[in-house]
Amino acid sequence: MTANILFAAGDTRWRVYEAPLRRALDNKGVDARLATDLPPAEVDYIVYAPDSAVQDFTPFIRARAVLNLWAGVEKIVTNPTLHIPLARMVDHGLTQGMVEWVTGHVLRHHLGMDTHILHQDGVWRPDAPPLASDRRVSVLGLGALGAACARMLSHLGFPVTGWSRSPKDIDTLRCLSGEAGLHTALEEADILVLLLPLTPDTESLLDAARLALLPADTVILNPGRGPLIDDDALLAALDAGKIGHATLDVFREEPLPPAHPFWAHSRVTVTPHIASETRSETAAQVIAENISRGEAGKPLLHLVDRDAGY
Ligand SMILES: NC(=O)c1ccc[n+]([C@@H]2O[C@H](COP(=O)([O-])OP(=O)(O)OC[C@H]3O[C@@H](n4cnc5c(N)ncnc54)[C@H](OP(=O)(O)O)[C@@H]3O)[C@@H](O)[C@H]2O)c1
């Protein structure tokens, strides 16, 4: 049987994804009709990005799954017209990119790189940084991305505490869950990394009360989602000298408006949602694997729990 696959993720991505997808489907032995325009009633699978023109899934009467190209699903998971399984993206390339971004920014602050890069002023500052073993890192979210970042930081010698919804047991990490676990993770975070999905439970998770639990001079890295943090509470904590630095990759409004105080704040680093992205070569293999599973009647990988919102 031919699988009719609609690529509903825009023309720019089609140019990048078409060849890798065709190769990956071919390698999996999937007999596929892959196109950006198919009669909705004939579509079996929808390869999707939430900024797609397709927002009403009602006409896709025989579609078996939506395969999201993004790891974050907050913009599609609440779509009232979507009643078929939704798979999110778990891609080796995406994970590797996030590990590199998080590790780089942790090391920037751990080693105090800014001191020497920003102040070439003739002053000899001989303070050596501590070892990683003396810098505690907490990672909120221990999914595909958070766990990979936490493992890398632990491998480098940082004592890493991770926090997730369900209890976990991961190698050398101290894994916590629940509100008490969150308190401990915050109270013992010299560097805090946010890699939670955006859901009703995680929105504004880092509010004034929880920011107050962090040790003095904590550095916050947020490559998760902007609304995880209460912006006003963060700015107040930065202005009060409570938070050492915030490196933010994601924002409530993107692009971050030019007048937003984050841009001008001396202790905020803004990166434009570039921590990591789905890589076409590896992501195409994940999509093809799922379509091949669907065709064989096997359960799909990386299915979103619609009730939990991620
Ligand atoms: N900046 C970028 O470039 C970029 C790129 C890709 C992704 N992202 C963001 O990164 C997020 C994480 O991606 P992922 O692939 O690692 O997601 P994931 O595999 O779904 O993992 C999510 C983690 O968060 C935990 N979690 C969810 N809700 C929670 C709650 N209420 N309390 C405590 N823990 C909770 C989950 O706990 P359980 O393990 O118990 O389920 C899981 O450990 C994405 O949702 C997206 O927003 C950003």
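Which side chain meets Glu18 in a salt bridge? It is the side chain of Arg22, at 2.9 Å from N to O. Keep in mind that this is a predicted model.

Let's stay with that pair. Glu18 and Arg22 both sit in helix H1, residues 11–27. They are four residues apart, about one turn of the helix. Glu18 is partly exposed, at 27% relative accessibility. Arg22 is partly exposed too, at 37%.

Now the wider count. The rule gives 18 salt bridges. Another one joins Arg33 and Glu42, with the closest N and O atoms 2.6 Å apart. Arg33 has a relative accessible area of 35%, so it counts as partly exposed. Glu42 is also partly exposed, at 31%.

Next, Asp171 and Arg151. Their side chains form a salt bridge at 2.7 Å, N to O. This pair links distant parts of the chain, 20 residues apart. Asp171 is in the loop between strands S7 and S8, while Arg151 is in helix H4. Asp171 is exposed, at 56%. Arg151 is partly exposed, at 40%. Then there is a network: salt bridges with shared partners join Asp44, Arg62, Arg64 and Glu295.

On to the domains. Domain 1 covers 3–91 plus 278–295, and domain 2 covers 92–270. Their centres are 32 Å apart. Ten residues from domain 1 and eight from domain 2 make the contact. Together the domains bury about 730 Å². On the domain 1 side, Glu74, Asp91 and Arg279 lose the most area, together 58% of what that side buries.

How many salt bridges are counted between the two domains? One. Glu74 also forms a salt bridge with Arg225, at 2.7 Å from N to O.

Conventions. Residues numbered from 1 in each chain as written. Predicted model: local features only at pLDDT ≥ 70, side-chain atom pairs only at ≥ 80, totals over all residues. Heavy atoms only, no water. Domains from an automatic or database assignment. Contact = heavy atoms within 4.5 Å. Buried area = accessible area lost by both parts, 1.4 Å probe. Salt bridge = Lys/Arg side-chain N within 4 Å of Asp/Glu carboxyl O. Helix = DSSP H or I, 4+ residues; strand = E, 2+ residues; numbered from the N terminus. Buried < 20%, exposed > 50% of the residue type's maximum accessible area, 1.4 Å probe, protein only.
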